[in-house]
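Here's a quick briefing to read with the model open beside you. Have a look at the sequence and the fold, then work through the points below.

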Protein chains: 2
Amino acid sequence: MEKSARVMQTLFGSFANPNVISFAGGSPAPACLPIEEVHDIMDKVMTREGRGVEALQYNRPQGIPDLRQTICDTLLAPKGVQADPDDVVVVSGGLETMNLVCQLFIEPGDVILVESPTFMHCVEIFDMFQARCVPCQMDDHGLVMEDVEEKIRQYHPKMIYTVPTFQNPTGKTLPADRRRRLAEMGSAYDVIVLEDDPYRDIRYSGEDLAPIKTYDTTGNTILASSFSKIFSPGVRLGYVYAKHDYIRKICDIKTATNSHSSLLAEVACAEFFKQGLYPAHHKKICDIYRTQRDAMVLALDRYMPEGTRHTNPDGGFFMWVQLPGGIDTTDMLVEAARDYHVAYVAGRGFYVEGGDTGKDELRLSFSGVEPPQIEEGMRRLGSLVQSWLP
Amino acid sequence: MEKSARVMQTLFGSFANPNVISFAGGSPAPACLPIEEVHDIMDKVMTREGRGVEALQYNRPQGIPDLRQTICDTLLAPKGVQADPDDVVVVSGGLETMNLVCQLFIEPGDVILVESPTFMHCVEIFDMFQARCVPCQMDDHGLVMEDVEEKIRQYHPKMIYTVPTFQNPTGKTLPADRRRRLAEMGSAYDVIVLEDDPYRDIRYSGEDLAPIKTYDTTGNTILASSFSKIFSPGVRLGYVYAKHDYIRKICDIKTATNSHSSLLAEVACAEFFKQGLYPAHHKKICDIYRTQRDAMVLALDRYMPEGTRHTNPDGGFFMWVQLPGGIDTTDMLVEAARDYHVAYVAGRGFYVEGGDTGKDELRLSFSGVEPPQIEEGMRRLGSLVQSWLP
């Protein structure tokens, strides 16, 4: 009687046995949650004379104006995106954009090009809308443009889904020339380029890159991002910037999804930026995550056997590892959690290809684990891997 | 290229010209928003030792346990619904349940039986999922069971959508015997009965009625409700209670919609009940709304011409009016807003039948207007109607 909704919930893999040091989740470090800031904001503005009525009453679907203004001025303009607040919609977390965009564009059987490996929670959304996901090759710098163009010609996709900056799961970042090329292909072939960019502001080294959207001259690129990494995932806020015609339709679909996002959350988030708390918070969390990334790179090189390959991300939450000796990371996971009390996500889970693709790979998240635990967790993982070598 | 999403936004009709006394919206009275309570709750719990991490971090899709426990103990058990918190999902406002349930059950072309008149914002959701809405007759006591059964036999619907208590737009309430019969028909014909019951606790007179769900023996009835009327619409929180198999699937779809609802909002709402603030708040808002309902009934009878028919709701936010003399309420609306500075929603907008159905009817909301404005607004509406009589 019901339609199928194949949805894994590995996102929540980090809420496991407390003895396990988990590199599986993608949650922010608790120290990076602005609890004291939100407490003070609520104390200031949650009054009848202040923003109390605004936070608790109904409102329009697009999101409160000062939050949309902040998105344009503080988060988009510095990256070279000149956006009008009327062309921005506040959504209930970054994932909701994928749902709204699918509701707008995707008919059963439509093809969506995805990265290989890709962020599977979005593939679950694409599956729910009965899209067919076709993987595109990645090299050390992300999507390979020649393969994307070949797949466009072969499959006539409705959409290309990419996480261009510090990609989940690999941590890879698409260089400027490929960003330009991808936007151009979206226009040339009239394909939607869905740019999912929640990690953009979580950079620890290297130079900022302009979003794909800055190279878009036809409106084929849709830019999605989130407040989950820079403010809080629990409040569930994100945003989408696209050409006005799409934004108008996305507002209608948002209305028919949940009317609007939580205004208590929107007011808290808007005030966080308005009161000038973001710059200090941003520096603080980048320092914390940089230290954790460095600790993991160090521990990886110290404890993992020769022949192990891994990415060195300039930002974000994740590193991608390929093990030597053809070790099957899915088989090894049971022993990892049970005997070595360390967790990761096996590579297979990030490939739409299925089968043995990614069998010897795994994703490590350093975002939620402090350096001493990273050191200890990697020591455990290292000795486990050693014991699995042929 | 895009799919159609026909969505009106009359829900937001109340944000109009401030000189206009608007009976058009369905927003709570500002005095009924628990601003001071939420301020104090945030001050107490938004700390690192308290519930700060819980409110700002990721969590599972189903909703925080103490909120689901409160829903069962405080909101469902007193109405005769014995629910297990594991069979409840917290959603982002009442409307989201309709979206999630459509995503689970509705294929393009499926028939959904709706009330005539009905809550059009849900019809917009049903339209988005390309369902075909078939109206069923209502009398003074709501849906006419004989007509519902005839339509079930004729159209083999996937679902029946009803607002059984203080219905939007009419304020009508379905009596116990019809509730039992509707649940029985859902089981007998294997049709989903989607019971949308957000006004249940906003009763000013008469006896409580058990939800349709209490008569359901097969799991065909799905109970949806909202915190928008009893706590705050801005926080966007609601809940759905159904049999476990459906709840598990709704959790998966919720994950693929927006991961989970705003935990800042969930924590605020859970603490509102946990700290025992609901009973006093509930009495306060029912007293305010009762006074406004009484003022509107009085003013209606005083100012509207002979031959005007209207409902006398025992609760909720709305009254339904039929004018004498075949006055077209859609035509009259322009003059109402422009010259008489009074607003309502014309009857046509609530009928899926289209055409002239409901042409001489209108919906009045008394929820957001204080008694003196109700008196003045109805005086204006009365003289306008007088001037339109043949």
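A:Pro169 sits in the loop of chain A that runs between strand E7 (159-162) and helix H7 (176-188). Helices (H or I, at least four residues) and strands (E, at least two) are DSSP runs, numbered from the N terminus. This is a predicted model, where local features need pLDDT of at least 70, side-chain atom pairs count only at pLDDT 80 or more, and totals for chains, interfaces and linings use all residues. Residues are numbered from 1 along each chain as its sequence is written, chains are lettered from A and ligands numbered from 1 in the order in which they are written, and side-chain values use heavy atoms, with hydrogens and water left out.

- Most residues other than glycine have a negative phi, and most peptide bonds are trans.
- The bond joining A:Asn168 to A:Pro169 is cis, with omega at about 20°.
- Another cis peptide bond links A:Ser116 and A:Pro117, with an omega of about 10°.
- A:Pro117 belongs to the loop between strand E3 (111-115) and helix H5 (120-128) of chain A.
- A:His156 isn't a glycine, yet its phi is positive, about 45°. You'll find A:His156 in the loop between helix H6 (145-155) and E7 of chain A.
- Is A:His156 buried or exposed? A:His156 counts as exposed, at 64% relative accessibility; the cut-offs are under 20% relative accessible area for buried, over 50% for exposed and partly exposed in between (1.4 Å probe, protein chains only).
- A:Arg236 is a residue other than glycine with a positive phi, near 60°. Its loop lies between strand E9 (221-226) and strand E10 (238-241) of chain A, and at 4% relative accessibility A:Arg236 counts as buried.

**A:Trp320 and its surroundings**

- Look for A:Trp320 in strand E12 (residues 318-322) of chain A. With a relative accessible area of 6%, A:Trp320 is buried.
- Leaving out residues up to four places away in sequence, the contacts of A:Trp320 include A:Pro117, A:Pro169, A:Thr170, A:Arg309, A:Phe350 and A:Tyr351. Contact here means heavy atoms within 4.5 Å.
- A:Gln154 is 166 residues from A:Trp320 along the chain, and their C-alpha atoms are separated by 29 Å.

**Helix H7 of chain B**

- H7(B) (residues 176-188) has 13 residues and reaches 18 Å from its first C-alpha to its last, close to the 18 Å expected at 1.5 Å a residue. The expected span is 1.5 Å times one less than the number of residues.
- Its buried residues are B:Arg178, B:Arg179, B:Leu182, B:Ala183, B:Met185 and B:Gly186. They cover an arc of only 160° around the axis, so they lie on the same side of H7(B); the arc is that of the directions from the helix axis to the C-beta atoms.
- On the other side of H7(B), B:Asp177 and B:Ala188 are exposed.
- The cover over the buried residues of H7(B) includes helix H6 (145-155), strand E7 (159-162) and strand E8 (192-196) of chain B.
- B:Asp190 follows H7(B) and has a positive phi, near 50°.

**Helix pairs**

- Axes are lines fitted to C-alpha atoms, for helices over the stretch in contact, and angles run from 0 to 180 degrees between N-to-C directions.
- In chain A, the axes of H11 (residues 329-338) and H12 (residues 371-388) come within 11 Å and cross at roughly 130°. That makes H11(A) oblique to H12(A); angles under 35 degrees count as roughly parallel, over 145 as roughly antiparallel, 65 to 115 as roughly perpendicular and the rest as oblique.
- A:Asp331, A:Met332, A:Glu335 and A:Ala336 in H11(A) meet A:Leu384, A:Val385, A:Ser387 and A:Trp388 in H12(A).
- In chain B, H10 (residues 278-303) and H12 (residues 371-388) pack at about 25° with their axes 9 Å apart, which makes H10(B) roughly parallel to H12(B).
- Chain B also has H4 (residues 94-105) packing against H8 (residues 244-258) at about 110°, with axes 10 Å apart. H4(B) is therefore roughly perpendicular to H8(B).
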